[in-house]
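Open the model in a viewer and keep the selection panel at hand. The stops below run from the whole chain to a single site.

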Amino acid sequence: MFIVSIVCPICSGRDNREVERHHEYILRHCRTCDVVYADPMKTSESFYSADYDYMLRDRLIMDPVRWDFRWDIGEFLRTPPRRDGNLLDIGCGTGFFVKRAREMGFRGYGIEFNERSVQRGKDFFALDTLYPLDIDGLTRKFPELKFQVVTLFQVLEHVENPRDLFSAIGRIITEDAVVVVALPLRGRWPDTSGKTGDYPPHHLTRWSLKALENFLDRHGFFIRRHKFENFPLQNMPALLYPYLLERARFLTMKGSRTDDSLRDVSEEQAITILTKRKVKMQIATAASFPLWLFLKALGARGPHLYVEACLKP
Ligand SMILES: [Zn+2]
């Protein structure tokens, strides 16, 4: 009998154990570098085009629910690694963060595979530096362009080949560059991502600080600063009212994350749907305030990790 050894897509290690199965995927924990990865490392375009949340977000410049929760972008704006130079936001969506970065003094650029988001961002924010390209495409367009800051907000866990991505990043940064990576932390508690959130084909990798440190180290980086998110008040409804929330989800989403009737909602309708969700969430959040104070006092940790990485000297 053959022993099938699946090679880790992050470190090429062969020592792994199966964590769980999800549809056609096996999730494996690499004992060498500590990442959990999907086998196969294969995303699905149809997942994103059929997913309720992505469908709605695609119609909006700013998702009224989600942007309030963007702790990672807030962390950058509160404590920027520097305040000028060329900045590239990878997976920039409609370019909301690129716009803020420009206001701070950066020459901000964004790349994003969703052409529709790029076009809407260009129109709405009058940003002429968003491109529906990957890094190599950007390099062909601007062969001389180098970046002092590169940001990946909630991107790495979606990527089919993180190593290729970081090799490409290595080719476009200056020696003193800072690469900011923010992602969901593995084993976050409570897991508010629902049944699909942290699973492939949505998230292909799950990271701990150690796994991310190992990965960055292999690409010549060290972590200069890291921060765990504090336990956010917004997570309380998901902790307290899982059944209530599922019910609210059922009501507001017409029972499914992949409802085809939503494919053609207008931007106005999308805002209405998301605003209703936001109000429900706010009521539940206010009701859970006392318990949140208690958990915070106990030192409960939030669901995201933020790191600043620099090239090793
Ligand atoms: Zn590994």
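Of the 313 residues of the protein chain, 51% count as buried (under 20% relative accessible area with a 1.4 Å probe, protein chains only; exposed is over 50%, partly exposed in between). The model is predicted, so local features need pLDDT of at least 70 and side-chain atom pairs count only at pLDDT 80 or more, while totals for chains, interfaces and linings use all residues. Residues are numbered from 1 along each chain as its sequence is written, and side-chain values use heavy atoms, with hydrogens and water left out.

Switch to cartoon. The protein chain has 13 helices and 11 strands (DSSP runs: H or I of at least four residues for helices, E of at least two for strands, numbered from the N terminus).

Now select the zinc ion. C8, C11, C30 and C33 coordinate the zinc ion through their SG atoms at 2.3 Å (donors are N, O and S atoms within 2.8 Å of the metal, or 3.2 Å for Na, K and Ca). Along the chain, the donors are spaced C-x2-C-x18-C-x2-C. C8 sits in the segment before β1 (16-22) and C33 in the loop between β2 (25-30) and β3 (36-39), so this pair ties together parts 25 residues apart in sequence.

Finish on the two ends of that pair. C8 is buried at 1% relative accessible area, and C33 is buried at 3%.
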